[in-house]
Amino acid sequence: MTDKESPPQSGAAKGETVLSFIADDQLGKLARWLRILGFDTLYFRSIDDDELIRRAVEEKRILLTRDTNIAEDHGTADCIFIQSGNWIEQLRQLIAEFQLKLRPDRLFSRCLLCNSPLRAIPKADVEERVPPFVFQTQEKFVHCPSCDKIYWQGTHASHVLDVLKPLF
């Protein structure tokens with residue numbers, strides 16, 4: 001449970017709270033799946049505990065941790081102790097804790113590598129940057145302005161939905 005209610009974040013529709021997270025170094029797979037779902041989720045493979053807590057407080061992020069020391073001494077940060085070591089169970093815990101809903105309009109809206117919001121990019125601008133088959137078979141592309149990665153909806157998108165639907 002969080003110690004206090006999280007304030008609405010920018011980008012929220014009227015009456016909607018948009019959650020943002022910061023995950024400790026034990027929760028990389030969970031962080032990736034939260035990004036797939038469209039949640040602003042910071043993750044660092046290596047970060048000092050004090051820095052993790054400081055960023056959570058300063059950026060008003062919910063701190064997700066498997067570290068009992070952080071869970072017990074997290075200062076003023078909102079903190080959730082993630083009970084399971086299995087990412088599906090971790091995601092189930094957060095779905096229950098925050099009554100998360102599957103929002104198709106938010107799926108694949110954040111960069112899986114760096115967490116930045118993705119932007120549409122004209123097909124003509126990616127011709128030299130994607131495999132020829134992808135360029136020939138796909139019409140829509142998105143781009144990460146921070147790390148320059150190009151994304152498109154491949155066969156993995158239906159697999160992701162197959163994995164997620166039973167959880168919601």
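Select Glu89 and Arg92 to begin: their side chains meet in a salt bridge, with 2.5 Å from N to O, where a salt bridge is a side-chain nitrogen of Lys or Arg within 4 Å of a carboxyl oxygen of Asp or Glu. The two residues are three apart in helix α4, and are therefore separated by about one helical turn; helices (H or I, at least four residues) and strands (E, at least two) are DSSP runs, numbered from the N terminus. Glu89 is partly exposed at a relative accessible area of 37%, and Arg92 is partly exposed at 38%, given that buried means under 20% relative accessible area, exposed over 50%, and partly exposed in between, with a 1.4 Å probe and protein chains only.

Before going further, note that this is a predicted model, in which local features need pLDDT of at least 70 and side-chain atom pairs count only at pLDDT 80 or more, while totals for chains, interfaces and linings use all residues. Residues are numbered from 1 along each chain as its sequence is written, and side-chain values use heavy atoms, with hydrogens and water left out.

Next, select Asp40, Arg55, Glu59, Arg61 and Arg110, which salt bridges with shared partners join into one network. Within this group, Asp40 forms a salt bridge with Arg110, the closest N and O atoms being 3.6 Å apart. Asp40 lies in strand β2 (residues 40-43) and Arg110 in the loop between α4 and β5 (119-121), so this pair ties together parts that are 70 residues apart in sequence. Both Asp40 and Arg110 are buried.

The closest N and O atoms of Arg54 and Glu58 are 2.4 Å apart. Arg54 is partly exposed, with a relative accessible area of 35%, whereas Glu58 counts as exposed at 53%.

Now display the strands. Four of them form an open sheet in the order β2-β1-β3-β4, with parallel pairing; two strands pair if DSSP finds at least two bridges between them. β2 and β4 (79-81) are the edge strands, each pairing on one side only, and the twist averages 25 degrees from one strand to the next. Between β1 and β2 there are four bridges, and Ser20 stands opposite Asp40 in β2.

Helix α4 lies across β1, β3 and β4, running at about 135 degrees to β4.

Which residues touch the most other members of the largest nonpolar core? Select Leu64, Leu91, Leu94 and Leu164, which do so among its 30 residues; such a core is a set of buried Ala, Val, Leu, Ile, Met, Phe, Trp, Tyr and Cys residues joined through side-chain atoms within 4.5 Å. β1 (20-23), α1 (28-36), β3 (62-65), α4 (87-98) and α6 (156-164) each supply at least two residues of this core. Apart from it lies another core, of ten residues, among them Leu42, Leu52, Ala56 and Leu63.

Finally, select Pro145, in the loop between β6 (141-143) and β7 (150-152). Leaving aside neighbours within four places in sequence, Pro145 is in contact (heavy atoms within 4.5 Å) with Pro117 and Arg119.

Definitions and conventions:
Axes are lines fitted to C-alpha atoms, for helices over the stretch in contact, and angles run from 0 to 180 degrees between N-to-C directions.
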